[in-house]
Amino acid sequence: MKASVDPDRCRGHGICWSICPEVFDLTDDGYAEVLLPEVPAEHQEAVREAQGSCPERAITVS
Ligand code: F3S
């Protein structure tokens, strides 16, 4: 599984980071960045939850 964040959509809500800080981090500006674009199996469920929880639908999982 791969995860990415669309920087044009992210508004810095931070929900992704609160759900799965192993994969998502927040930059100094408060926007999401992906630490592990190739998501390890143990974090895939949390990444899907983060994807569904982002109000801006900024997270893509493939
Ligand atoms: Fe951005 Fe959505 Fe996370 S707006 S900080 S990708 S919850």
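This is a predicted model: local features need pLDDT of at least 70, side-chain atom pairs count only at pLDDT 80 or more; totals for chains, interfaces and linings use all residues.
Rolling a probe the size of a water molecule over the atoms shows where empty space is left. In this structure, 1 cavity of 30 Å³ or more turns up. The volume of the largest cavity is about 90 Å³. Its lining is made of 14 residues, and those closest to the centre are Cys10, His13, Gly14, Cys16 and Cys54. Sorted by class, the lining comprises 10 nonpolar, 3 polar and 1 charged residues.

How many disulfides does the whole structure hold? A search finds 0. Cys20, for instance, takes part in no disulfide, and the nearest cysteine sulfur, belonging to Cys16, lies 9.2 Å away. Is Cys20 buried or exposed? Cys20 is buried, because its relative accessible area is 0%. Cys10 has a relative accessibility of 8% and therefore counts as buried as well; the limit for this class is under 20%.

From here the text turns to residues in strands, loops and helices. Strand 2 covers residues 24-26 and includes Leu26. Leu26 is counted as partly exposed because its relative accessibility is 26%. Between Leu26 and Cys54 there are 14 Å from C-alpha to C-alpha, and the two are 28 residues apart in sequence. Thr27 sits in the loop that runs between strand 2 and strand 3. With a relative accessible area of 28%, Thr27 is partly exposed. Its C-alpha atom is separated by 22 Å from that of Gln44, a residue 17 residues apart from Thr27 along the chain.

Strand 3 spans 32-34, and the loop between this strand and helix 2 contains Pro40. The relative accessible area of Pro40 is 25%, which means that Pro40 is partly exposed. Pro40 and Val23 are also 17 residues apart along the chain, and their C-alpha atoms are separated by 8.9 Å.

Helix 2 is formed by residues 44-53, and Arg48 is one of them. Why does Arg48 count as partly exposed? The reason is its relative accessibility of 49%, since the exposed class requires a value over 50%. Arg48 and Asp25 are 23 residues apart along the chain, with 16 Å between their C-alpha atoms.

The last stop is Arg57, placed in the loop between helix 2 and strand 4, a strand given as 59-61. At 52% relative accessibility, Arg57 passes the cut-off and so counts as exposed. The backbone of Arg57 also deserves a note. Most residues other than glycine have a negative phi. The phi of Arg57, in contrast, is near 50°, a positive value in a residue that is not glycine.

How values were computed:
Residues are numbered from 1 along each chain as its sequence is written. Side-chain values use heavy atoms; hydrogens and water are left out. A disulfide is a pair of cysteine sulfur atoms within 2.5 Å. Buried means under 20% relative accessible area, exposed over 50%, partly exposed in between (1.4 Å probe, protein chains only). On a 1 Å grid over the protein atoms alone, a cavity is a set of points where a 1.4 Å probe fits but cannot get out, and a pocket is an open set with protein on both sides within 12 Å along at least five of seven lines; lining residues have an atom within 4 Å of a point. Grid points are joined across faces, edges and corners, and a volume is the space filled by probe spheres set on the points. Ala, Val, Leu, Ile, Met, Phe, Trp, Tyr, Cys and Pro count as nonpolar, Asp, Glu, Lys and Arg as charged, and the others, Gly among them, as polar. Helices (H or I, at least four residues) and strands (E, at least two) are DSSP runs, numbered from the N terminus.
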